[in-house]
Amino acid sequence: MEKLRTCFFTGHRKIADSILDEIKIKLTENIEKLIIDYDVNNFISGGALGFDIISAEIVCEMKKKYPHIKLIIYVPCYGQSKKWTSYQKYRYRMMMSNADEIVYITDKEYTDNCMKMRNMKMVEDSFFCIAFCILSKTGTGQTIRLAEAHGNRIINIADDIY
């Protein structure tokens with residue numbers, strides 16, 4: 001996987017229904033811009049609730065127009081979805097079944113640092129980042145700061161919404 005042609009997603013797990021459509025529009029616009037203008041063809045999702053799954057679903061939709069793009073899921077641990085609701089698990093299974101590649105960051109169930117390890121691997125393997133971050137004192141904020149320090153190009157679609 002070529003780093004300069006790779007983008008990862010990071011964002012909040014809880015997203016207000018009132019801005020969901022706008023997030024999907026901004027995601028679609030920015031993913032398409034990266035495909036057309038920068039020849040990005042690898043898109044990495046961390047597979048978490050909220051923004052990660054929404055992003056993965058948009059990439060899957062866009063594969064109809066751009067069949068060469070790939071969805072890669074970086075799973076932080078085994079059993080990531082075991083405490084989720086049945087509907088959340090359904091969306092997770094759909095995302096996983098539509099992935100071109102699945103990478104497990106650890107070979108264990110949840111550990112204290114598996115999410116940070118996943119985030120670091122996404123940062124290291126990508127050049128671009130599409131984020132949805134409105135709260136900087138979160139795991140998403142921490143991941144963006146890590147990406148900035150690593151030299152990634154960051155697009156925070158929250159800036160367009162708020």
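A residue counts as buried when its relative accessible area is under 20%, as exposed when that area is over 50%, and as partly exposed in between. I53, with a relative accessible area of 3%, is therefore buried. The model described here is predicted.

**Buried residues**

- I53 belongs to helix 2, which spans residues 51-62.
- Apart from residues up to four places away in sequence, I53 touches G47, A48, W84, R91, Y92 and M95.
- Between the C-alpha atoms of I53 and A131 the separation is 13 Å, while the two residues are 78 apart along the chain.
- I73 sits in strand 3, and its relative accessibility of 0% is why I73 counts as buried.
- Once neighbours within four places in sequence are set aside, the contacts of I73 are S45, G47, A56, M95, M96, A99, E101, I102 and V103.
- M122 is part of helix 4 and is buried, because its relative accessible area is 1%.
- Beyond its neighbours within four places in sequence, M122 is in contact with F8, F9, I44, S45, G46 and Y74.

**Helix 4 and helix 5**

- Helix 4 covers residues 114-125 and helix 5 covers residues 139-150; their axes come within 10 Å and cross at roughly 35°.
- The crossing of helix 4 past helix 5 is right-handed.
- On the side of helix 4, the contact is made by K116, N119, M120, V123 and E124.
- On the side of helix 5, the contact is made by G139, Q142, T143, L146, A147 and H150.
- L146, one of the contact residues of helix 5, has its C-alpha atom 10 Å from that of M122, and the two residues are 24 apart in sequence.

**Salt bridges**

- The structure holds 11 salt bridges, and those described below are among them.
- In the salt bridge between E2 and R5, the closest N and O atoms are 3.8 Å apart.
- E2 is partly exposed because its relative accessibility is 43%, and R5 is partly exposed because its relative accessible area is 24%.
- E2 and R5 are linked with D39 in a network of salt bridges.
- D39 is placed in the loop between helix 1 and strand 2, the strand being residues 42-45.
- With a relative accessibility of 38%, D39 counts as partly exposed.
- The phi angle of D39 is near 55°, a positive value in a residue other than glycine.
- Most residues other than glycine have a negative phi.
- K33 and D37 form a salt bridge in which the closest N and O atoms are 2.7 Å apart.
- Both K33 and D37 lie in helix 1, which runs over residues 20-38, and they are 4 residues apart, about one turn of the helix.
- K33 has a relative accessible area of 43% and so is partly exposed; D37, at 44%, is partly exposed.
- E61 and K64 meet through their side chains in a salt bridge, at 3.0 Å from N to O.
- K64 counts as exposed because its relative accessibility is 66%, whereas E61 is partly exposed, with a relative accessible area of 48%.

**Nonpolar surface patch**

- Y78, I102 and Y104 make a nonpolar surface patch of about 260 Å².
- Y78 lies in the loop that joins strand 3, residues 70-75, to helix 3, residues 86-98.
- The relative accessibility of Y78 is 39%, so Y78 counts as partly exposed.

How values were computed: Residues are numbered from 1 along each chain as its sequence is written. This is a predicted model: local features need pLDDT of at least 70, side-chain atom pairs count only at pLDDT 80 or more; totals for chains, interfaces and linings use all residues. Side-chain values use heavy atoms; hydrogens and water are left out. Patches are made of residues with over 30% relative accessible area and no salt bridge: like charges are joined within 9 Å, nonpolar side chains (Val, Leu, Ile, Met, Phe, Trp, Tyr) within 5 Å. Accessible areas come from the Shrake-Rupley method with a 1.4 Å probe; for residues, only the protein chains shown count as cover. A salt bridge is a side-chain nitrogen of Lys or Arg within 4 Å of a carboxyl oxygen of Asp or Glu. Buried means under 20% relative accessible area, exposed over 50%, partly exposed in between (1.4 Å probe, protein chains only). Axes are lines fitted to C-alpha atoms, for helices over the stretch in contact, and angles run from 0 to 180 degrees between N-to-C directions. A crossing is left-handed if the near helix is turned anticlockwise from the far one by less than a right angle, and right-handed if clockwise. Contact means heavy atoms within 4.5 Å.
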